[in-house]
Amino acid sequence: MSTTHRVRSQRILREAEGYLELGLAQAALDALDRLTEPGTFRGKLMYLRGEALRSLHRYDEASDALQQAADLRPSEPDVWLALAWCQKRSGQLDKAIEALEHAREGEPSEATIYYNLACYYSLAGRKDDAIANLSRAIAMKPDFREMVSDEADFDPIRSDPEFQAIISVIV
């Protein structure tokens, strides 16, 4: 890849990121479509494409793009989190859990991963896994305790005494 092409590619990627930050997902996709030969930037391209599609609620397409990004950038937890988020919303809860488990292996100090795993385990009927991951998430980031009451994903285990004990601890 020539220096000129590399600079042009980086400029387009930054442009797409800017559009995403502004909430202009379609403009981000249009910019990314101008990137004809992504070369070493393919992982970033697919991640941004996935994020744009996710913003447009096109979860199946977003999952495809994000899976490609995850294959190219397996050590980046944000890619796995986004992938899991889309998979859950497209009815692929088992795949979403697998993606988050992969993210947890790569970034064991990220509380958001544990919180999302707790949500998805709860939906999957895996109460013990949900409670263990929620406990870990709250231990790492106590603010998560405040989010639990509004999180419908915990409805399947909300009345469980262990769950109640975790969320009722006074900090």
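**Salt bridges in the model**

Mentor: Let's start with Asp153, which makes a salt bridge with Lys88, with 3.1 Å between the closest N and O atoms. A salt bridge here is a side-chain nitrogen of Lys or Arg within 4 Å of a carboxyl oxygen of Asp or Glu. This is a predicted model, where local features need pLDDT of at least 70 and side-chain atom pairs count only at pLDDT 80 or more, while totals for chains, interfaces and linings use all residues. Residues are numbered from 1 along each chain as its sequence is written, and side-chain values use heavy atoms, leaving out hydrogens and water.

Trainee: Are Asp153 and Lys88 buried or exposed?
Mentor: Both Asp153 and Lys88 are buried (under 20% relative accessible area; exposed is over 50%, partly exposed in between, with a 1.4 Å probe and protein chains only).

Trainee: And how many salt bridges are there in the whole structure?
Mentor: The search finds 13.

Trainee: What about Lys44, what does its side chain meet?
Mentor: Glu17, in a salt bridge at 2.6 Å, N to O. Lys44 sits in helix 3 (residues 42-55) and Glu17 in helix 1 (residues 3-21), so the pair ties together parts 27 residues apart in sequence. Helices are DSSP runs of H or I, at least four residues, numbered from the N terminus.

Trainee: Why does Lys44 count as partly exposed?
Mentor: Because its relative accessibility is 26%. Glu17 counts as partly exposed too, at 27%.

Trainee: Switching topic, which residue pairs with Lys127?
Mentor: Glu162, with the closest N and O atoms 3.0 Å apart. Lys127 is in helix 8 (residues 127-140) and Glu162 in helix 10, so this pair ties together parts 35 residues apart in sequence. Salt bridges with shared partners join Lys127, Asp128, Asp160 and Glu162 into one network.

Definitions and conventions: Helix = DSSP H or I, 4+ residues; strand = E, 2+ residues; numbered from the N terminus.
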